[in-house]
Amino acid sequence: MADIYLEDGRNQDGESQVATGNAFKILGIAISATSLDRAADQLETWSEDKLGRFVCIRDTPSLVHAQDDPEFKALHTQASMVTPDGSPLALVGWLRGYDVSRTCGPDLFELMMSRAQANGLKHYFYGGKDGVADQLKVRMEERYPGVQIVGTECPPFRRPTPQEESETIERIVESGADIVWVGLSSPKQEFWMARNRDRLPCTLIGVGAAFDFHSGEVERAPRWMQKSMLEWAHRLYSEPKRLWRRYLILAPRFVMLAGLETLLAARLWRRRRTTAP
């Protein structure tokens, strides 16, 4: 069935919305039909032209949040890639006939670190609690010899002042970074990336909890839970006070909204087939 919800696969600058040239819309947001390897290949290609871009990594709760926050929803049209962080999003794309697989922040981050010696890209870590970015840098340098991490920064929890933000931009530019990994909570990280994309000659990627996972600050779910679409349960068990609303309210709401959207799409598709000449 054709994806009747996809009206446009390009952003406001005319650049392809996705790495592969394909996207499928879920709840009004175009999700890139991509995979870990294809997304990583695209990041390497983008590093050659020094244009400012940002990448959103979406899960089901954040898609639901976007329904209640028009500004947050709208900024996705400016993103150069919106990857399916959650397996349910990739499953929806696969059921619609797209070549797509889960492309989550922690996995994309680790894949790019593993490629660092071969591609020579320079990385900057922005986000996390005090000391987490520095700890992450030490771990990545130990695990992946030759990786170039040219800067780390843990911003204040509050929104930075214009002067503080300008100073951060100057440090990133001077570092020569090709990719800035942004480890803030969502939607804070997406607004920061959209606000600063045009001020930076590199790609910004919002990876949320990836800093905590790879620094050892927070234990990630076992691989079998990740593959069984149960990583959410491990995260809820680990951080119930912070994540209960995300997984007990927003995620079930996604199932209801996405299910309704799919039923309406199927009905419209059948109507079009019936009335086709």
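**Salt bridges, helix packing and a surface patch**

Good morning. In this structure, Asp37, Asp41, Glu44 and Arg115 are linked in a network of salt bridges, a salt bridge being a side-chain nitrogen of Lys or Arg within 4 Å of a carboxyl oxygen of Asp or Glu. The model is predicted, and local features need pLDDT of at least 70, side-chain atom pairs count only at pLDDT 80 or more, while totals for chains, interfaces and linings use all residues. Residues are numbered from 1 along each chain as its sequence is written, and side-chain values use heavy atoms, with hydrogens and water left out.

Let me begin with the charged pairs. How many salt bridges does a search of the whole structure find? The search finds 13.

In one of them, aspartate 37 pairs with arginine 115, and the closest N and O atoms are 3.8 Å apart. This pair links distant parts of the chain, 78 residues apart: aspartate 37 is in helix H1 (residues 36–46), and arginine 115 is in the loop between helix H5 (105–114) and helix H6 (116–119). Helices here are DSSP runs of H or I with at least four residues, strands are runs of E with at least two, and both are numbered from the N terminus. Aspartate 37 is partly exposed, with a relative accessible area of 45%, whereas arginine 115 is buried at 18%. Buried means under 20% relative accessible area, exposed means over 50%, and partly exposed lies in between, with a 1.4 Å probe and protein chains only.

A further salt bridge joins arginine 58 to glutamate 190, with the closest N and O atoms 3.1 Å apart. Here too the pair links distant parts of the chain, 132 residues apart, with arginine 58 in strand S3 (residues 53–58) and glutamate 190 in helix H9 (residues 188–196). Are these two residues buried or exposed? Arginine 58 is buried, with a relative accessible area of 1%, and glutamate 190 is buried, with 0%.

Glutamate 110 forms a salt bridge with arginine 143, the closest N and O atoms being 3.3 Å apart. Glutamate 110 lies in helix H5 and arginine 143 in helix H7 (residues 132–143), so the pair ties together parts that are 33 residues apart in sequence. Both are partly exposed, glutamate 110 at 26% and arginine 143 at 38%.

I turn now to helix packing. Helix H8 (residues 162–175) packs against H9 at an angle of about 70°, and their axes are 12 Å apart. Axes are lines fitted to C-alpha atoms, for helices over the stretch in contact, and angles run from 0 to 180 degrees between N-to-C directions. H8 is therefore roughly perpendicular to H9, a description used for angles of 65 to 115 degrees, while under 35 is roughly parallel, over 145 roughly antiparallel and the rest oblique. Glu165, Thr168, Ile169 and Ile172 in H8 meet Trp192, Arg195 and Asn196 in H9, where contact means heavy atoms within 4.5 Å.

Next, consider leucine 136 in helix H7. Leucine 136 is buried, with a relative accessible area of 0%. Not counting residues up to four places away in sequence, leucine 136 touches Phe109, Phe125, Phe211, His214 and Ser215.

Finally, consider helix H4 (residues 87–95), which holds leucine 91. Leucine 91 counts as partly exposed, at 38% relative accessibility. Serine 87, also found in helix H4, counts as buried at 17%. Thank you for your attention.
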